[in-house]
Amino acid sequence: MKQSHLVIVANTLPVRRVDRGGRTGWETSPGGLVSALAPIAKREGGAWVGWTGELDRARQPFTHEGLLNVPVTVTAEQVAGSYEGVCNRMIWPLYHQGVRPPEYHRRWWRQYVETNERFADSAAAVAAPGAQVWIHDYHLQLVPRLIRARRDDVRIGYFLHIPFPPSELFAHLPWREEILHGLLGAECVGFQTKTDAANFARVAKRFIGAKRTKAGIDIAGRSIRVDAFPISIDTERYATVAARPDVVAQAERFASQLGSGRKVLLGVDRLDYTKGIDVRLKAFQQLLRNRPETKRDAVFVQVAVPSRERIAEYKELRRSVEELVGSINGTHAEVGSALVHYLRRTLPFEELLAMYQAADVMVVTPLCDGMNLVSKEYVATRFDDTGVLILSEFAGAAAELKDALHVNPHDANGMAEAMARALSMPRAEQRRRMRAMRRVVRRHDVHKWASEFLDALSH
Ligand code: ADQ
């Protein structure tokens, strides 16, 4: 197999299998990470190591649109234990402030170790001498150390896309030392925010005796850079597509279908319990009670992509969101004009951007979120500088988008007040705030994020 100087390692490959009229092939998956990293990896003649989404299916490496894809074979048992167990039912809730109780099972953990070993084997095989290897996210926390054990000539970077918990929560993990040693196989460990990086340095000191330094930590004679590298979006692409005449026309159609003259509040999320969708709907319900004139003046659109539907907590969330939508419309709406429009699906890219355009108020209220790209996408598409962003103080993005209306996502009353304020915010204030936020996402886009991380890794 050809070896590469830049190897990206992520849970899934940047392509997915598609069936076009009986002929199957690969197509590039949508998503921010892929659009950021695939061009860089291609330019550098790089490789991407990941899972195809198929079970027990061995596939040879293949090149798609100029990028070498290296599939990792994963068994059904490994997916059940590692992905659905450790990743989605243990790490995900624990790292998100324990908003749901995490579950710990040794049999899951064994599968997580095995799966991480398979990724490390593939990455070690494809890395050229002295290559940069960049590992992504919570599915692969043991991979840095496992690669180091196989290849001590490569430079290893790791980036966590979700929050890193404070010491009191991380302490619960039965495998906390293994995870810390796993991550510290890297030369550079990156997080979304300064708080996450500080949490990590603190637990590394507390549980495995690492020494904190200015740049990160020292352990076993090695110096490791630990820092915040806040992820962003392809701002230029969002701004350009949003301004296209067909997208603007679609936005106008959305606005008139939702009721001319009515203001639109919008939520766009994966249907995940960390995103605060249910409390947000309760806040809108509260607003309708506090200010009955809102029934005439405003409408709420919630677009939610189905996610992890086999897990009980996700089924329960879907039930409660759908019950709330029914209850709000049942109590407050009139025939022919719903107050909450609920779409449980993925919107095509252009429609998503038209929806952002049609929204006077974007409501992003996760209980906890590594960064939250939706907030940045909304800002990037507001080329006329209007619109108001309501943003949870517990989203990583809050540290950068200081001109949003910040809210506590657990406080339905406070959020109802923020919605009222947003709906009546004067244009001049909207413009001042939006302009400042647009500057932030223009200056710091996903390309800058990737090059800053890779620069840090090469020093
Ligand atoms: P996510 O938890 O998936 O990402 P987010 O950052 O908001 O959260 O990204 C979601 C993406 O899905 C956005 O690009 C959005 O446009 C898209 N999307 C959501 N709903 C959609 C819909 N109905 N139709 C079409 N597209 C939709 C994880 C972390 C985040 C971190 C990112 C990147 O949880 O905190 O910001 O990774 O690091």
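Me: Why does S167 count as buried?
Reply: The relative accessibility of S167 is 10%, and buried means under 20% relative accessible area, with exposed over 50% and partly exposed in between (1.4 Å probe, protein chains only). S167 therefore counts as buried. This is a predicted model, in which local features need pLDDT of at least 70, side-chain atom pairs count only at pLDDT 80 or more, and totals for chains, interfaces and linings use all residues. Residues are numbered from 1 along each chain as its sequence is written, and side-chain values use heavy atoms, leaving out hydrogens and water.

Me: What makes the pair S167 and R206 a polar contact?
Reply: Their side chains are joined at 2.6 Å. A polar contact is a pair of N or O atoms within 3.5 Å; within protein, one must be able to donate a hydrogen and the other to accept it, and residues adjacent in sequence count only if both atoms are side-chain atoms. S167 is found in helix α5, residues 167-170. Leaving aside residues up to four places away in sequence, S167 touches V203, R206 and F207 (heavy atoms within 4.5 Å).

Me: Which residues are closest to the ligand?
Reply: H161, L347, D369, M371 and E377 are the closest of the 22 residues that surround the ligand, where a residue is near if one of its heavy atoms lies within 4 Å. The shell divides into 11 nonpolar, 5 polar and 6 charged residues.

Me: Which atom of M371 lies 2.8 Å from an oxygen atom of the ligand?
Reply: A backbone N or O atom of M371 does. For K275, a polar side-chain atom lies 2.9 Å from a ligand oxygen. A polar backbone atom of N372 is 3.0 Å from an oxygen atom of the ligand. The ligand taken alone exposes 710 Å², of which the protein buries 84%.

Me: How do you know that N372 counts as buried?
Reply: N372 has 7% relative accessibility, so N372 falls in the buried class. N372 sits in the loop between β16 (361-364) and α14. Its phi is positive, about 90°, although N372 is not a glycine.

Me: Why is R308 called buried?
Reply: R308 has a relative accessible area of 18% and is therefore buried. R308 lies in the loop between β14 and α12 (312-332). R308 is not a glycine, yet has a positive phi of about 40°.

Technical notes. Accessible areas come from the Shrake-Rupley method with a 1.4 Å probe; for residues, only the protein chains shown count as cover. Ala, Val, Leu, Ile, Met, Phe, Trp, Tyr, Cys and Pro count as nonpolar, Asp, Glu, Lys and Arg as charged, and the others, Gly among them, as polar. Helices (H or I, at least four residues) and strands (E, at least two) are DSSP runs, numbered from the N terminus.
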